[in-house]
Amino acid sequence: MTGDAVENIDLNGFEQVPETAGLADTWWRGTDSLIAVYRGEAEVMDAPQCRTATIYGGLDEWGLRGLDT
């Protein structure tokens, strides 16, 4: 997703993932999906059309939690 559609993503029921290490502005974890939201470059360049979100759906427990121990 790009542009204004990024701002319309419904994140109710998702939790923010704090350990993104600069790979995205924010990651959000749901019951079977992850959403990576990128806004930084768009804000710096004053180019809102460059906002991007990538949605990964249909994930299992490992896909959602990775290598957490």
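In which strand is S33 found? S33 belongs to strand β3, and the legends below start from the sheet around it. This is a predicted model, in which local features need pLDDT of at least 70, side-chain atom pairs count only at pLDDT 80 or more, and totals for chains, interfaces and linings use all residues. Residues are numbered from 1 along each chain as its sequence is written, and side-chain values use heavy atoms, with hydrogens and water left out.

**View 1. An open sheet of four strands, ordered β1-β2-β3-β4 with antiparallel pairing.** Strands here are DSSP runs (E, at least two residues), numbered from the N terminus, and two of them pair if DSSP finds at least two bridges between them. Strands β1 (15-17) and β4 are at the edges with a single partner strand each, so one side of each has no neighbour in the sheet. From one strand to the next, the twist averages 25° (axes are lines fitted to C-alpha atoms, and angles run from 0 to 180 degrees between N-to-C directions). Antiparallel β1 and β2 are joined by three bridges, and V17 has W27 as its bridge partner in β2.

View 2. S33 is buried at a relative accessible area of 10% (buried means under 20%, exposed over 50%, partly exposed in between, with a 1.4 Å probe and protein chains only). Beyond its neighbours within four places in sequence, S33 has contacts (heavy atoms within 4.5 Å) with F14, W28, Y56, G57, L59 and L64.

**View 3. I35, in strand β3 (residues 33-38).** I35 is buried, at 3% relative accessible area. Its C-alpha atom is separated by 4.5 Å from that of I55, 20 residues apart along the chain. Not counting residues up to four places away in sequence, the residues I35 touches include I9, F14, W28 and I55.

**View 4. The largest nonpolar core, with six residues: V6, I9, W28, I35, V37 and A53.** Such a core is a set of buried Ala, Val, Leu, Ile, Met, Phe, Trp, Tyr and Cys residues joined through side-chain atoms within 4.5 Å. A second, separate core has five residues, among them V17, W27, L34 and A36.

**View 5. The one aromatic pair.** Rings of Phe, Tyr and Trp (its six-membered ring) pair if their centres lie within 6.5 Å; planes under 30 degrees apart count as stacked, over 60 as edge-to-face and the rest as tilted. W27 and Y56 are stacked, at 5.9 Å centre to centre with 15° between the planes. W27 lies in β2 (residues 26-29) and Y56 in β4 (residues 52-57), so the pair ties together parts 29 residues apart in sequence. W27 counts as buried at 19% relative accessibility, while Y56 is partly exposed at 37%.
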